[in-house]
Amino acid sequence: MPNTTANISDDLVQMGRPDRINGRNVNLPPELGSTIVFDTLAEFEAARDARYDSGTMYYGRYGNEATFKLETMLGQLEKADAVTLTSSGVAAITMALLTFARPGMHLLVADHVYGNTRGFCETVLKRMGVDIEYFDPMIGGGIRDLLRDTTCAVMFEAPGSGTFEVPDIPAIAKAARAAGVPSILDSTWATPVFCQPITLGVDVVVASMSKYLSGHSDCMMGMIASTQQYAKDIRKTTMAIGDKTGSQEVFLALRGLRTLKMRMEYFDKAGRDMAQWFADQSQVKSVLHPAFENCPGHANWARDFSGASGLFGVVFHESSDDQIRAFVDALHHFGIGVSWGGYESLVLPVTPARSAGTWAESGQLVRFNIGLEDLNTLKADLTAALPHLNTAAE
(Lines give C-alpha, C1' and ligand atoms only; values in the text may rest on other atoms or scores of the structure.)
Protein backbone atom coordinates (compact mmCIF):
# COMPACT_ATOMS: atom_id res chain seq x y z
CA MET A 1 0.00 0.00 0.00
CA PRO A 2 1.27 3.54 -0.71
CA ASN A 3 2.39 5.67 2.18
CA THR A 4 -0.66 7.29 3.77
CA THR A 5 0.78 9.05 6.81
CA ALA A 6 -2.28 11.10 7.77
CA ASN A 7 -0.60 13.31 10.33
CA ILE A 8 2.64 14.05 8.47
CA SER A 9 1.73 17.75 8.19
CA ASP A 10 1.33 17.97 11.98
CA ASP A 11 4.60 16.11 12.49
CA LEU A 12 6.53 18.40 10.15
CA VAL A 13 5.34 21.46 12.06
CA GLN A 14 5.83 20.12 15.58
CA MET A 15 8.87 17.81 15.53
CA GLY A 16 12.39 19.01 16.20
CA ARG A 17 11.38 22.32 17.77
CA PRO A 18 12.50 23.83 21.10
CA ASP A 19 11.13 22.35 24.29
CA ARG A 20 7.79 23.74 25.42
CA ILE A 21 8.64 26.58 27.78
CA ASN A 22 7.09 30.03 27.93
CA GLY A 23 8.75 32.54 25.63
CA ARG A 24 10.48 29.93 23.48
CA ASN A 25 11.70 30.51 19.92
CA VAL A 26 9.68 28.97 17.09
CA ASN A 27 12.87 27.50 15.63
CA LEU A 28 16.05 26.14 17.14
CA PRO A 29 18.91 28.59 16.49
CA PRO A 30 22.10 27.36 14.80
CA GLU A 31 24.07 25.49 17.45
CA LEU A 32 27.83 26.00 17.22
CA GLY A 33 30.45 24.19 19.21
CA SER A 34 33.22 21.62 19.17
CA THR A 35 34.29 21.01 22.77
CA ILE A 36 31.73 19.74 25.26
CA VAL A 37 32.78 19.81 28.92
CA PHE A 38 31.74 17.76 31.95
CA ASP A 39 31.85 18.40 35.68
CA THR A 40 33.19 14.99 36.63
CA LEU A 41 35.40 12.38 35.02
CA ALA A 42 32.68 9.78 35.57
CA GLU A 43 30.21 11.87 33.54
CA PHE A 44 32.78 12.26 30.77
CA GLU A 45 33.50 8.53 30.71
CA ALA A 46 29.79 7.70 30.56
CA ALA A 47 29.37 10.02 27.56
CA ARG A 48 32.47 8.56 25.89
CA ASP A 49 31.14 5.04 26.25
CA ALA A 50 27.74 6.05 24.79
CA ARG A 51 29.09 8.37 22.10
CA TYR A 52 27.64 6.32 19.23
CA ASP A 53 24.12 6.70 20.58
CA SER A 54 22.22 9.60 19.02
CA GLY A 55 21.41 12.02 21.81
CA THR A 56 24.67 11.63 23.73
CA MET A 57 26.58 14.89 24.14
CA TYR A 58 30.29 13.99 23.94
CA TYR A 59 32.15 16.00 21.30
CA GLY A 60 30.81 18.32 18.60
CA ARG A 61 31.53 15.88 15.78
CA TYR A 62 29.16 13.35 17.33
CA GLY A 63 26.25 15.80 17.43
CA ASN A 64 24.46 18.37 19.54
CA GLU A 65 20.89 19.15 20.54
CA ALA A 66 19.95 20.44 17.08
CA THR A 67 21.42 17.49 15.17
CA PHE A 68 19.80 15.02 17.54
CA LYS A 69 16.41 16.67 17.08
CA LEU A 70 16.84 16.54 13.30
CA GLU A 71 17.86 12.87 13.44
CA THR A 72 14.82 12.08 15.59
CA MET A 73 12.54 13.98 13.24
CA LEU A 74 13.86 12.17 10.18
CA GLY A 75 13.64 8.83 11.94
CA GLN A 76 9.97 9.38 12.66
CA LEU A 77 9.29 10.45 9.08
CA GLU A 78 11.14 7.44 7.62
CA LYS A 79 9.71 4.98 10.20
CA ALA A 80 13.35 4.14 10.98
CA ASP A 81 14.92 3.08 14.25
CA ALA A 82 17.87 5.45 13.84
CA VAL A 83 19.27 8.17 11.60
CA THR A 84 22.84 9.35 11.07
CA LEU A 85 23.45 12.70 9.37
CA THR A 86 26.25 13.18 6.85
CA SER A 87 27.87 16.12 5.10
CA SER A 88 26.25 15.37 1.72
CA GLY A 89 24.07 12.88 -0.11
CA VAL A 90 27.17 11.28 -1.63
CA ALA A 91 28.63 10.93 1.87
CA ALA A 92 25.44 9.15 2.97
CA ILE A 93 25.84 6.67 0.11
CA THR A 94 29.55 6.10 0.70
CA MET A 95 29.24 5.75 4.48
CA ALA A 96 26.45 3.21 4.08
CA LEU A 97 28.45 1.19 1.54
CA LEU A 98 31.65 1.36 3.59
CA THR A 99 29.75 0.01 6.59
CA PHE A 100 29.20 -3.29 4.77
CA ALA A 101 31.84 -3.59 2.02
CA ARG A 102 34.98 -5.60 2.78
CA PRO A 103 37.90 -6.77 0.61
CA GLY A 104 36.98 -9.95 -1.21
CA MET A 105 33.25 -9.49 -0.68
CA HIS A 106 30.55 -9.15 -3.34
CA LEU A 107 28.36 -6.05 -3.71
CA LEU A 108 25.24 -5.99 -5.88
CA VAL A 109 24.48 -2.58 -7.39
CA ALA A 110 21.48 -1.66 -9.54
CA ASP A 111 22.52 -0.66 -13.03
CA HIS A 112 20.56 2.61 -12.89
CA VAL A 113 22.19 4.12 -9.80
CA TYR A 114 23.29 7.72 -9.38
CA GLY A 115 26.53 8.44 -11.23
CA ASN A 116 28.48 9.18 -8.04
CA THR A 117 27.35 5.88 -6.53
CA ARG A 118 28.77 4.08 -9.56
CA GLY A 119 31.87 6.27 -9.38
CA PHE A 120 32.51 5.37 -5.74
CA CYS A 121 32.12 1.69 -6.51
CA GLU A 122 34.51 1.91 -9.47
CA THR A 123 37.19 4.16 -7.97
CA VAL A 124 37.21 3.28 -4.26
CA LEU A 125 35.49 -0.03 -3.56
CA LYS A 126 37.12 -1.86 -6.46
CA ARG A 127 40.49 -0.55 -5.29
CA MET A 128 39.66 -2.03 -1.86
CA GLY A 129 39.13 -5.41 -3.50
CA VAL A 130 35.33 -5.43 -3.44
CA ASP A 131 33.72 -7.43 -6.25
CA ILE A 132 31.08 -5.13 -7.82
CA GLU A 133 28.27 -6.73 -9.82
CA TYR A 134 25.67 -4.54 -11.55
CA PHE A 135 22.19 -5.96 -11.98
CA ASP A 136 19.05 -5.18 -13.94
CA PRO A 137 17.02 -2.92 -11.62
CA MET A 138 13.80 -4.57 -12.79
CA ILE A 139 14.93 -8.02 -11.67
CA GLY A 140 12.60 -8.05 -8.66
CA GLY A 141 12.72 -11.23 -6.59
CA GLY A 142 14.99 -12.77 -9.21
CA ILE A 143 17.86 -11.07 -7.45
CA ARG A 144 17.97 -14.12 -5.17
CA ASP A 145 19.82 -15.91 -7.99
CA LEU A 146 22.62 -13.32 -7.84
CA LEU A 147 23.14 -13.45 -4.09
CA ARG A 148 26.27 -15.26 -2.91
CA ASP A 149 27.66 -16.32 0.44
CA THR A 150 30.04 -13.37 0.10
CA THR A 151 27.41 -10.75 -0.84
CA CYS A 152 27.74 -7.86 1.62
CA ALA A 153 24.84 -5.63 0.47
CA VAL A 154 22.36 -4.79 -2.29
CA MET A 155 22.39 -1.14 -3.39
CA PHE A 156 19.51 0.23 -5.50
CA GLU A 157 17.36 3.30 -6.19
CA ALA A 158 13.67 4.03 -6.65
CA PRO A 159 13.23 5.38 -9.22
CA GLY A 160 16.49 5.08 -11.15
CA SER A 161 18.71 8.10 -11.55
CA GLY A 162 17.98 9.80 -14.86
CA THR A 163 16.00 6.93 -16.37
CA PHE A 164 13.24 6.62 -13.72
CA GLU A 165 12.56 2.88 -13.73
CA VAL A 166 10.83 1.87 -10.49
CA PRO A 167 12.10 -1.45 -9.12
CA ASP A 168 10.05 -3.86 -7.05
CA ILE A 169 11.29 -2.63 -3.68
CA PRO A 170 9.59 -5.23 -1.45
CA ALA A 171 10.68 -8.15 -3.64
CA ILE A 172 14.34 -7.12 -3.71
CA ALA A 173 14.37 -6.29 0.01
CA LYS A 174 12.67 -9.58 0.92
CA ALA A 175 15.11 -11.69 -1.10
CA ALA A 176 18.10 -9.87 0.38
CA ARG A 177 16.82 -10.16 3.96
CA ALA A 178 16.09 -13.86 3.54
CA ALA A 179 19.75 -14.33 2.64
CA GLY A 180 20.92 -12.20 5.57
CA VAL A 181 22.10 -9.44 3.23
CA PRO A 182 21.31 -5.79 4.02
CA SER A 183 19.48 -3.78 1.38
CA ILE A 184 20.33 -0.10 0.82
CA LEU A 185 17.93 2.14 -1.10
CA ASP A 186 18.49 5.68 -2.33
CA SER A 187 15.08 7.30 -1.77
CA THR A 188 15.95 10.94 -2.47
CA TRP A 189 13.37 11.33 -5.26
CA ALA A 190 10.25 10.40 -3.28
CA THR A 191 11.09 11.66 0.23
CA PRO A 192 9.22 10.04 3.15
CA VAL A 193 6.14 12.04 2.13
CA PHE A 194 5.58 9.68 -0.81
CA CYS A 195 7.42 6.50 0.21
CA GLN A 196 8.84 5.00 3.40
CA PRO A 197 11.05 2.15 2.17
CA ILE A 198 11.75 0.72 5.63
CA THR A 199 8.05 -0.16 5.89
CA LEU A 200 8.54 -2.10 2.61
CA GLY A 201 11.33 -4.23 4.08
CA VAL A 202 14.41 -2.17 3.22
CA ASP A 203 17.15 -2.15 5.89
CA VAL A 204 18.93 1.12 5.08
CA VAL A 205 17.63 4.26 3.36
CA VAL A 206 19.97 6.99 2.12
CA ALA A 207 18.99 10.40 0.81
CA SER A 208 20.48 13.68 -0.24
CA MET A 209 19.01 16.32 2.04
CA SER A 210 20.38 18.92 -0.37
CA LYS A 211 17.37 18.14 -2.57
CA TYR A 212 13.70 18.15 -1.49
CA LEU A 213 14.25 17.59 2.22
CA SER A 214 15.85 21.01 2.72
CA GLY A 215 14.26 22.38 -0.44
CA HIS A 216 15.96 25.72 -1.06
CA SER A 217 19.24 24.87 -2.85
CA ASP A 218 21.31 26.27 -0.01
CA CYS A 219 22.04 23.24 2.15
CA MET A 220 24.56 20.44 1.64
CA MET A 221 23.66 17.38 3.71
CA GLY A 222 22.77 13.70 3.61
CA MET A 223 21.12 11.17 5.88
CA ILE A 224 21.19 7.44 6.54
CA ALA A 225 18.08 5.92 8.11
CA SER A 226 18.12 2.30 9.19
CA THR A 227 16.70 -0.49 11.26
CA GLN A 228 18.22 -1.01 14.70
CA GLN A 229 20.25 -3.97 13.47
CA TYR A 230 22.61 -1.79 11.44
CA ALA A 231 22.31 1.58 13.19
CA LYS A 232 25.40 1.48 15.42
CA ASP A 233 27.70 0.10 12.71
CA ILE A 234 26.63 2.89 10.34
CA ARG A 235 27.22 5.53 13.00
CA LYS A 236 30.60 4.08 13.96
CA THR A 237 31.73 4.06 10.33
CA THR A 238 30.62 7.65 9.80
CA MET A 239 32.30 8.88 12.97
CA ALA A 240 35.47 6.89 12.31
CA ILE A 241 35.86 8.55 8.93
CA GLY A 242 35.21 11.92 10.53
CA ASP A 243 32.25 13.03 8.46
CA LYS A 244 30.40 15.93 10.07
CA THR A 245 27.27 17.92 9.28
CA GLY A 246 27.62 21.68 9.63
CA SER A 247 25.50 23.61 12.15
CA GLN A 248 24.18 25.95 9.47
CA GLU A 249 23.05 22.99 7.37
CA VAL A 250 21.20 21.50 10.34
CA PHE A 251 19.41 24.81 10.85
CA LEU A 252 18.49 25.04 7.16
CA ALA A 253 17.26 21.44 7.06
CA LEU A 254 15.05 21.90 10.12
CA ARG A 255 13.62 25.02 8.51
CA GLY A 256 13.09 23.41 5.11
CA LEU A 257 11.38 20.32 6.45
CA ARG A 258 8.49 22.39 7.81
CA THR A 259 7.12 22.90 4.29
CA LEU A 260 8.10 19.50 2.86
CA LYS A 261 4.62 18.01 2.49
CA MET A 262 3.19 21.17 0.95
CA ARG A 263 6.09 21.44 -1.49
CA MET A 264 5.95 17.78 -2.49
CA GLU A 265 2.23 17.93 -3.13
CA TYR A 266 2.78 20.93 -5.41
CA PHE A 267 5.71 19.30 -7.24
CA ASP A 268 3.65 16.13 -7.74
CA LYS A 269 0.88 18.08 -9.44
CA ALA A 270 3.17 20.42 -11.38
CA GLY A 271 5.47 17.61 -12.48
CA ARG A 272 2.61 15.55 -13.89
CA ASP A 273 1.18 18.61 -15.66
CA MET A 274 4.53 19.42 -17.30
CA ALA A 275 5.24 15.78 -18.16
CA GLN A 276 1.89 15.50 -19.92
CA TRP A 277 2.59 18.73 -21.77
CA PHE A 278 5.90 17.30 -23.01
CA ALA A 279 4.15 14.11 -24.13
CA ASP A 280 1.97 16.17 -26.46
CA GLN A 281 4.90 17.87 -28.24
CA SER A 282 5.99 16.67 -31.68
CA GLN A 283 9.70 16.79 -30.74
CA VAL A 284 9.19 14.32 -27.89
CA LYS A 285 9.57 10.57 -28.37
CA SER A 286 8.70 9.52 -24.80
CA VAL A 287 8.40 10.82 -21.26
CA LEU A 288 10.02 8.93 -18.38
CA HIS A 289 7.80 9.62 -15.38
CA PRO A 290 6.82 6.89 -12.87
CA ALA A 291 3.20 8.07 -12.77
CA PHE A 292 2.85 7.36 -16.52
CA GLU A 293 1.78 3.85 -17.47
CA ASN A 294 4.50 3.49 -20.12
CA CYS A 295 7.27 4.07 -17.55
CA PRO A 296 9.01 0.80 -16.57
CA GLY A 297 7.88 -0.17 -13.08
CA HIS A 298 4.78 2.02 -13.12
CA ALA A 299 2.79 -0.71 -11.35
CA ASN A 300 5.44 -0.84 -8.62
CA TRP A 301 5.19 2.92 -8.21
CA ALA A 302 1.39 2.81 -8.02
CA ARG A 303 1.56 0.14 -5.31
CA ASP A 304 4.37 1.52 -3.15
CA PHE A 305 4.25 5.31 -3.60
CA SER A 306 1.56 7.85 -2.82
CA GLY A 307 2.87 10.54 -5.17
CA ALA A 308 5.64 11.66 -7.50
CA SER A 309 8.21 14.40 -7.35
CA GLY A 310 8.85 17.09 -9.94
CA LEU A 311 11.88 15.38 -11.48
CA PHE A 312 11.47 13.34 -14.68
CA GLY A 313 13.11 12.58 -18.02
CA VAL A 314 12.17 13.41 -21.60
CA VAL A 315 13.51 11.47 -24.59
CA PHE A 316 13.55 13.70 -27.67
CA HIS A 317 13.55 12.41 -31.24
CA GLU A 318 17.09 12.03 -32.52
CA SER A 319 18.74 15.38 -32.91
CA SER A 320 22.34 16.43 -33.20
CA ASP A 321 24.42 17.46 -30.22
CA ASP A 322 24.38 21.01 -31.56
CA GLN A 323 20.57 20.96 -31.68
CA ILE A 324 20.33 19.76 -28.07
CA ARG A 325 22.77 22.45 -27.00
CA ALA A 326 20.81 25.11 -28.86
CA PHE A 327 17.58 23.95 -27.21
CA VAL A 328 19.04 23.98 -23.70
CA ASP A 329 20.80 27.31 -24.19
CA ALA A 330 17.59 28.91 -25.49
CA LEU A 331 15.76 28.28 -22.21
CA HIS A 332 15.53 31.29 -19.90
CA HIS A 333 13.59 29.87 -16.95
CA PHE A 334 15.46 26.57 -16.60
CA GLY A 335 18.89 26.73 -15.01
CA ILE A 336 21.55 24.23 -16.09
CA GLY A 337 22.74 22.38 -13.00
CA VAL A 338 23.39 18.94 -11.56
CA SER A 339 21.17 19.25 -8.51
CA TRP A 340 17.38 19.33 -8.19
CA GLY A 341 14.64 19.44 -5.58
CA GLY A 342 14.87 23.17 -4.93
CA TYR A 343 12.42 25.91 -5.81
CA GLU A 344 13.96 26.60 -9.24
CA SER A 345 13.44 24.72 -12.51
CA LEU A 346 16.47 22.96 -14.00
CA VAL A 347 17.43 21.19 -17.22
CA LEU A 348 20.29 18.78 -17.89
CA PRO A 349 21.08 16.43 -20.81
CA VAL A 350 21.78 12.91 -19.50
CA THR A 351 23.80 10.02 -20.92
CA PRO A 352 22.84 6.87 -18.97
CA ALA A 353 25.68 4.56 -17.93
CA ARG A 354 24.99 0.83 -18.09
CA SER A 355 27.06 -2.23 -17.22
CA ALA A 356 24.54 -5.08 -16.91
CA GLY A 357 22.74 -4.11 -20.10
CA THR A 358 22.40 -1.28 -22.58
CA TRP A 359 20.30 1.86 -22.65
CA ALA A 360 17.75 0.88 -25.29
CA GLU A 361 16.18 4.27 -26.06
CA SER A 362 17.29 6.01 -29.23
CA GLY A 363 17.11 9.76 -29.05
CA GLN A 364 18.44 12.28 -26.54
CA LEU A 365 17.52 12.05 -22.87
CA VAL A 366 17.10 15.34 -21.01
CA ARG A 367 16.21 15.58 -17.32
CA PHE A 368 13.87 18.29 -16.06
CA ASN A 369 13.30 19.51 -12.52
CA ILE A 370 10.09 21.49 -12.18
CA GLY A 371 10.33 24.33 -9.69
CA LEU A 372 7.89 26.87 -8.34
CA GLU A 373 7.66 29.10 -11.41
CA ASP A 374 4.29 29.60 -13.05
CA LEU A 375 3.70 26.61 -15.33
CA ASN A 376 2.49 28.80 -18.21
CA THR A 377 5.80 30.65 -18.03
CA LEU A 378 7.71 27.37 -18.24
CA LYS A 379 5.60 26.11 -21.14
CA ALA A 380 6.08 29.35 -23.07
CA ASP A 381 9.84 29.13 -22.47
CA LEU A 382 9.94 25.55 -23.76
CA THR A 383 7.67 26.33 -26.70
CA ALA A 384 10.12 28.98 -27.89
CA ALA A 385 13.10 26.59 -27.57
CA LEU A 386 11.62 23.35 -28.99
CA PRO A 387 11.94 24.36 -32.68
CA HIS A 388 15.68 23.78 -32.30
CA LEU A 389 14.93 20.02 -32.16
CA ASN A 390 13.74 17.50 -34.72
CA THR A 391 10.20 16.13 -34.85
CA ALA A 392 9.29 12.52 -35.67
CA ALA A 393 8.90 13.30 -39.35
CA GLU A 394 12.34 14.86 -39.70
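The largest cavity is lined by Arg61, Tyr62, Gly63, Thr67, Glu71, Leu85, Arg235, Met239, Asp243, Lys244 and Thr245. Two elements, α3 (65-78) and α8 (228-241), each give two or more residues to that lining. Helices here are DSSP runs of H or I, at least four residues, and strands are runs of E, at least two, numbered from the N terminus. A cavity is a set of points on a 1 Å grid over the protein atoms alone where a 1.4 Å probe fits but cannot get out, and lining residues have an atom within 4 Å of a point.

This is a predicted model, with local features needing pLDDT of at least 70 and side-chain atom pairs pLDDT 80 or more, while totals for chains, interfaces and linings use all residues. Residues are numbered from 1 along each chain as its sequence is written, and side-chain values use heavy atoms, without hydrogens and water.

Back to the cavity. The space in it is about 100 Å³, taken as the volume filled by probe spheres set on the grid points, which are joined across faces, edges and corners. The whole structure has 2 cavities of 30 Å³ or more.

Next, the cysteines. There are 0 disulfides, meaning pairs of cysteine sulfur atoms within 2.5 Å. The sulfur closest to that of Cys121 belongs to Cys152, and at 9.4 Å it is too far for a bond. Cys121 is buried, at 0% relative accessibility, and Cys152 is buried at 4%; buried means under 20% relative accessible area with a 1.4 Å probe, protein chains only.

Last, strand β8 (residues 284-288). Because 4 of its 5 residues are buried, β8 is largely enclosed by the rest of the structure. It pairs with β9 (residues 311-316) in the antiparallel sense over 4 bridges; pairing takes at least two DSSP bridges. Val284 has Phe316 as its bridge partner in β9.

Methods:
Buried < 20%, exposed > 50% of the residue type's maximum accessible area, 1.4 Å probe, protein only. 1 Å grid on protein atoms, 1.4 Å probe; cavity = no way out; pocket = protein on both sides within 12 Å on 5 of 7 lines; lining within 4 Å.
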